Amino acid sequence: MAGDNEVVTGYYRYTDIWFEWHKTIADDTEAATLKAILAHDSLAHPDHPLHIEGINGIQLYHGTFESGEARLLFSSAQVEYVRYWLHAMKLTKELLPLPYSDCLILPSELKHVTAHAYLDGGALRGAVKNLDKHNKRLKGSNPALLSRRHAFQRVRELVSAKSGTWLAIDFEAWERDHTVITEMGYSILKWDEEGNEKRENGHWIIKEAEVYRNGTYVPDFRYHYNFGESEKIVKSEFKSRLRHLLTSLQTPNSPLYMVFHDNNQDIKYMKSPSIDAPLDDLSYLLPDTGVPKTGLFVVDTSDLFGALSGLAHGQRKGLEKTCRMLGIDTKFLHNAGNDANYTLEAMIQMARGEAVDEQRERRWPGRTAPGTVEVEFKPWEENSDYDEDDEIGPNVHNTGFA
């Protein structure tokens, strides 16, 4: 049991504070004063006591529970400050009583908490309605989808915190024998001590594998690298060079996040005898809370896009479709260096966007199936070779008659 002097901090549901708190105040005038200071337009005003310098509007919080349900929250510090401010301004005779203790949500009860700013009262009212709508859509969702949404939010938090190094890596192999690796590409995102972003790309072609050409089942674009000069290295150096790259990025005081698009095959390559990468401590799960100081973690952009588009476990979009739907222009996919760069860019665009539901609605407004969070994509969005002369294709769609 907490000691008598221990201060318990946490969060209160916005709706509990706005709709219920004033009802517990015996003095009608003081209850009306409390309701006035908590009014939507009042909260967003720059003269409000909860206003933070440099933030337009009011900063509140989104809290996500284990179930995936998200709620708009006040912090307990904000609630405390409101009652102290009202008393200091002599607008209440005594400190108003706190909301009853059962209203308090402890940090341990939440999977995520993120700050959000609302410019005006309309945005605040809209946020409450939208969260309620998304919660109804998520009710009864597949646990795997909730897990993907959890990973999406954690990636947003970790990128925002400028945590560690993010390494996207991709391999290409001979289409007739996948044990023959023909090329490897990588793309790196990290930050220096001042917080400045640093990017680095690379593309290695295995000299001995140049005789093994693709083209029957997948295109062979190994000589079409878009982001610099390709480097040809001999097979005997490939293993040591790659191991050195990984160990140099995984330092004792900084985590390494390995970014893949559908990680299964690339990790098989890394664990194969021809590479034997140091992956003993590899974790497929990001830590639930906080910013890790060290560690080796897998981040899969096909899972992140699955969370964003509402796909259940097992359903994945390829890299080309993912980039197209995110608005990322691609050229010469199936070049390992290009694929690594586009994979990292897809991760960055999703991580630096809004929370998953807000970002989905911004990208594809009104496109979710009734009662779900799954986006309904059009055939021409899914397939770049879709026949535009088809009667339900883009030409009809663009006329406004579809």
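By class, 10 nonpolar, eight polar and nine charged residues make up the lining of the largest pocket. The structure shown in these views is a predicted model.

**Figure 1. Centre of the largest pocket.** The largest pocket holds about 600 Å³ of space. Its lining comprises 27 residues, and those closest to the centre are Asp170, Phe171, Glu172, His334 and Asp339.

**Figure 2. Elements that line the largest pocket.** Two or more lining residues come from each of the strands β5 (165-174) and β9 (256-260) and the helices α8 (264-271), α10 (319-326) and α11 (336-351). Among the contributors to the lining of the largest pocket, β5 gives the most, with five residues.

**Figure 3. Centre of the second largest pocket.** About 450 Å³ of space lies in the second largest pocket. Ser147, Ala151, Tyr284, Leu285 and Asp303 lie nearest the centre of this pocket, which is lined by 18 residues. By class, the lining of the second largest pocket has nine nonpolar residues, together with four polar and five charged ones.

**Figure 4. Elements that line the second largest pocket.** The helices α6 (143-160) and α9 (301-309) and the strand β11 (296-300) each supply at least two residues of the lining of the second largest pocket. Helix α6 provides the largest share of this lining, with six residues.

Technical notes: Residues numbered from 1 in each chain as written. Predicted model: local features only at pLDDT ≥ 70, side-chain atom pairs only at ≥ 80, totals over all residues. Heavy atoms only, no water. 1 Å grid on protein atoms, 1.4 Å probe; cavity = no way out; pocket = protein on both sides within 12 Å on 5 of 7 lines; lining within 4 Å. Points joined across faces, edges and corners; volume = space filled by probe spheres on them. Helix = DSSP H or I, 4+ residues; strand = E, 2+ residues; numbered from the N terminus. Nonpolar A, V, L, I, M, F, W, Y, C, P; charged D, E, K, R; others polar.
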